Amino acid sequence: MRLYLDSADLAAVAPLLETGLFSGVTTNPLILQRAGVRLADVPRLVAALTSAGARSVFVQAVSRDADAMVDEGRRIAGLGEQVVVKLPANRPGLTATVRLARDGYPVLVTAVYHARQAVLAAEAGAWGIAPYVGRMDDAGRDGLAQVGEMQEVLAGSRTLVLAASIRGIDVVHQLALRGIDAVTMSTAVAEALLVDRLTDRAVEEFDAAARTLAGPASGDDSD
Ligand code: E4P
């Protein structure tokens, strides 16, 4: 399962990218707003994330109609080979996805809430879809079950499922159990994933034991 970070906060993302566990970084206008990144600063952010080790950076178009989304999508893709364009799963977004995908641009169709939208995104030639697991739960839908359905719908297609809106660490392995291709998570969730108190306790025991083992080799007493 490929892991991504859902953040535009370079200071929070960089140490996580350094682990080598995360393939890249996903953003959207809300995430940019939270990190205080203006649209004009996005090219600089993409460059900084790439230098920090992101192999993919996802940037969402903010235009409202399909023609403008296509133009903006081309500009976004022009920021670098590692950049994937994000478009919403609405009528203009899907229309623009068809056109950009036809020209060979990778597009992640985002804000996906139902398996029927996965059908449309695959038909549009999307690189992937981003279902919002936590927000589906908030809306009274079973997010994990919906994402499982989407994965089934897309089996045999080239369109991947990149689950988003992840509210806790347990969702990550639940998605993996369902064979989901990829997940993007906040830096807080990612940091929490890297810690288990029982592992820490075991490491403390190993450290204590290791300290008693320091000193010169006890030698070979065969002679
Ligand atoms: C998209 O990639 C995000 O996951 C999206 O902003 C939804 O996340 P949220 O429900 O935590 O806001």
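The legends below describe close-up views of a predicted model.

Residues are numbered from 1 along each chain as its sequence is written. In this predicted model, local features need pLDDT of at least 70 and side-chain atom pairs count only at pLDDT 80 or more, while totals for chains, interfaces and linings use all residues, and side-chain values use heavy atoms, with hydrogens and water left out.

View 1. Helix 1 spans residues 10–18, where helices (H or I, at least four residues) and strands (E, at least two) are DSSP runs numbered from the N terminus. Ala12, Val13, Leu16 and Leu17 are buried, and because they cover an arc of only 125° around the axis, they lie on the same side of helix 1; the arc is that of the directions from the helix axis to the C-beta atoms. Ala11 and Glu18, on the other side, are exposed (buried means under 20% relative accessible area and exposed over 50%, partly exposed lying in between, with a 1.4 Å probe and protein chains only).

**View 2. The ends of helix 1.** After helix 1 comes Gly20, whose phi is positive, near 80°.

View 3. Eight strands form a closed barrel in the order 1-2-3-4-5-6-7-8, with parallel pairing; two strands pair if DSSP finds at least two bridges between them. Strand 2 runs parallel to strand 3 (residues 56–60), and three bridges join them. Val25 has Val57 in strand 3 as its bridge partner.
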